[in-house]
Amino acid sequence: LSELTVLESLTAAMADAMEDDESVVVLGEDVGVSGGIFRATQGLQQRFGPQRVIDTPLDEKGIAAHAVGMALYGMRPIVEIQFSGFIHDAFEQIMFCASKYRWMTGGEYSCPMVVRAPSYGGIKGGFWHSQSPEAYFTHGGGIKVLTPTTPDDCYHSLLAAIADPDPVLVIEPVPLYRSLKGHVERDRRPLELGRSRVAREGRDVTVLTWGPQVLRATEAAEALAADGIEVEVLDLLSLVPLDLDAIVASVQRTGRVLVLHEAARTGGFGAELAALVQQHAFGYLYAPIERVTGHDVPYNFSTGDEYYRPDVLRITAGITRLMEFEF
Amino acid sequence: MTTPAPKFAGAPRQVVEPPLARAEEFGIHQRLTRDGEVIGDDPTIDVAVARRIYETMVTTRLLDERGWELQRSGRVEFWIPMRGQEASHVASTAAYDPEDWLFIASREAGAMLWRGAPLVQLFAQIFGRSAEPLRGRRLPLLFGDRSRFVVPCTTQVGAYIPHAAGAAWAAKLQGHEKAFIVFFGDGATSRGEFHSALNFAGVHRPPILFFCQNNGWAVSTPNSVQTATTTFAEKAAGYGLPGVRVDGNDFLALWETTRRLRERSLTEGPTLVESVTYRQGFHTSSDNPDLYRTNEEAEAWAQWDPIHRARRFLERHDAWDADLEEALVSTKRAEIRDAIHAAEALPKPDPSDQFFDVLATPDRALREQLAQLTDDLKGAAR
């Protein structure tokens with residue numbers, strides 16, 4: 001057991017996987033000599049060599065597309081997208097190539113590749129450096145979408161992504177890279193995908209969330225506990241596959257649901273969660289499902305971190321609306 | 001007397017003599033005259049290999065002709081003609097070793113034949129039957145076969161060029177002695193992935209040939225609307241790579257050039273090859289070339305037909321005659337007819353098939369959607 005930051009846990013997962021499997025390679029912009037702009041791959045090129053930790057041209061589409069080819073050939077590439085705000089250039093490669101090869105070839109070929117996408121706001125990065133693109137990649141199939149938060153979950157999620165036979169997108173919590181530290185069971189065992197984690201237990205309201213909002217929801221929950229409102233926070237860990245059983249079980253206990261995400265509201269993954277909850281737990285709901293999310297506006301440099309991202313104030317307000325709702 | 005209105009609006013579309021007629025002037029490597037006479041040194045190609053290339057080209061054309069009829073009579077839903085491009089893809093495929101990887105586009109049935117795919121397998125794919133390697137999930141003629149090291153294209157033109165380069169790069173990183181070739185058209189050079197692949201390849205030197213089949217037209221878009229460069233091969237210079245132009249209707253020039261550049265790719269890295277050819281037919285069965293090109297142009301190119309030139313080469317080397325031709329055509333026609341009958345009789349995929357191979361193991365969402373569809377279909381059956 002060791003105490004690692006989120007960033008160190010990700011580096012540890014890549015190092016362990018590369019040590020265990022020679023077909024694992026890392027490629028991306030600045031990932032080699034400098035160890036990546038966030039230093040997530042720090043020391044890996046020195047340790048595994050420039051043939052396995054590869055500095056590429058500045059071209060997200062090209063990086064993803066070459067990783068597709070490497071994966072087709074049988075390697076296990078890990079792509080670092082410098083910021084997830086730049087992932088959209090690679091969208092077609094990820095969603096219409098990597099995640100479709102298995103299906104379109106009747107299972108003859110597949111693309112076991114990992115795309116690491118540093119995401120979320122909170123670093124004063126403005127629009128392109130504060131993105132939460134996860135919902136785009138849950139639409140259309142053929143790819144898994146992981147959203148770990150804690151160092152332990154990040155370590156085991158990335159190991160699971162690398163071991164997975166399909167393409168996997170890992171949405172990483174940039175604002176927690178260095179600020180969140182925790183115990184990491186460095187056992188080289190991949191996370192079992194499709195299982196969520198109860199970050200906080202409660203009987204009154206279920207908050208469905210992922211990423212840094214898990215911490216913010218927990219913070220709001222602690223404050224509300226003083227008023228006698230017990231909030232359950234479910235850290236979904238992965239959106240595809242989704243732990244629907246745990247979601248439904250929690251909603252059946254609490255009867256109130258807050259869907260919480262940083263990404264913009266319309267067409268966000270929260271809409272999918274709301275649809276699933278009403279389909280599977282309609283009779284248990286005391287109030288309409290509440291959404292606290294980013295807005296349908298670009299993430300603003302000067303006001304974004306405070307007024308775009310949901311914060312304790314807005315989460316608390318959302319929970320209060322749920323508690324005060326009357327038919 | 002009035003001047004007739006120009007047939008086509010927009011970009012000028014003049015009938016031009018095929019550049020193959022003045023190959024040297026256009027920097028096109030050519031080894032055969034229009035009538036199959038060798039230009040320059042005696043060829044080193046084994047006559048048996050030349051014959052097999054020719055036979056594969058003829059089979060490809062017969063398959064294409066029959067397939068077009070099947071589409072026009074409604075038995076096949078879609079067709080992508082390959083007439084005129086038989087040498088371009090068959091001779092280049094023939095220059096590769098059987099376990100080298102091919103990434104094909106959509107007019108390369110001959111590559112599958114060269115690699116030994118049975119006709120019934122090809123027609124099973126064409127009819128969308130599940131008894132073919134890709135389980136009949138794709139449009140007719142988008143072939144692939146892992147056991148023959150043939151990777152099918154993703155349908156976005158050119159998007160797969162870096163997939164081939166990435167696979168070649170992986171082979172190089174793993175120390176495998178394996179060569180790669182990727183086929184794409186002139187239109188694909190406008191895509192970002194063409195740039196990505198050649199740019200990466202200039203730096204990382206994977207063992208691959210970027211094989212651009214310049215057939216003159218991307219649907220209705222001529223070369224002059226696709227790019228301002230005079231050739232496609234010259235684009236290689238922007239990436240620190242060599243680019244060559246080869247007569248794409250000249251099996252000998254194609255085979256020799258591809259063979260040489262394949263060897264080179266294993267030690268020194270990639271080359272961009274521009275195979276100057278011509279799509280004699282429609283873009284697809286949904287196209288109408290009358291809207292954008294003249295019959296005269298197509299006829300001028302037909303004078304440079306790759307099959308005629310290959311046949312004349314063989315005849316000049318006493319390796320072919322009218323009897324052999326007749327035997328080949330009648331045998332292949334019969335084989336194609338039998339393959340069509342056999343393939344058409346195969347079962348279509350079950351509706352449940354679409355839920356498999358999305359992920360290695362269907363997740364809960366997929367399982368529930370399959371169960372729902374199955375239930376709904378039972379209702380429809382009642």
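**Legends for views of chain A**

Among contacts in chain A (heavy atoms within 4.5 Å) between residues at least 6 apart in sequence, 82% join residues at least 24 apart. The model is predicted, with local features needing pLDDT of at least 70 and side-chain atom pairs counting only at pLDDT 80 or more, while totals for chains, interfaces and linings use all residues. Residues are numbered from 1 along each chain as its sequence is written, chains are lettered from A and ligands numbered from 1 in the order in which they are written, and side-chain values use heavy atoms, with hydrogens and water left out.

**View 1. The fold of chain A comprises 11 helices and 14 strands.** Helices (H or I, at least four residues) and strands (E, at least two) are DSSP runs, numbered from the N terminus. The radius of gyration of chain A is 19 Å, close to the 20 Å that the globule rule gives for 327 residues, so chain A is as compact as a globular protein of that length; the radius is taken over C-alpha atoms, and the rule is 2.2 Å times the number of residues to the power 0.38.

**View 2. Gly268(A) sits in the loop between β13 (257–264) and α9 (269–281) of chain A.** Gly268(A) has a relative accessible area of 8% and is buried, a term that means under 20% relative accessible area with a 1.4 Å probe, protein chains only.

**View 3. Gly268(A) is in contact with Ala135(A) and His261(A), its neighbours within four places in sequence being left aside.** Between Gly268(A) and Tyr136(A), 132 residues apart in sequence, the C-alpha to C-alpha distance is 8.3 Å.

Technical notes. Buried means under 20% relative accessible area, exposed over 50%, partly exposed in between (1.4 Å probe, protein chains only).
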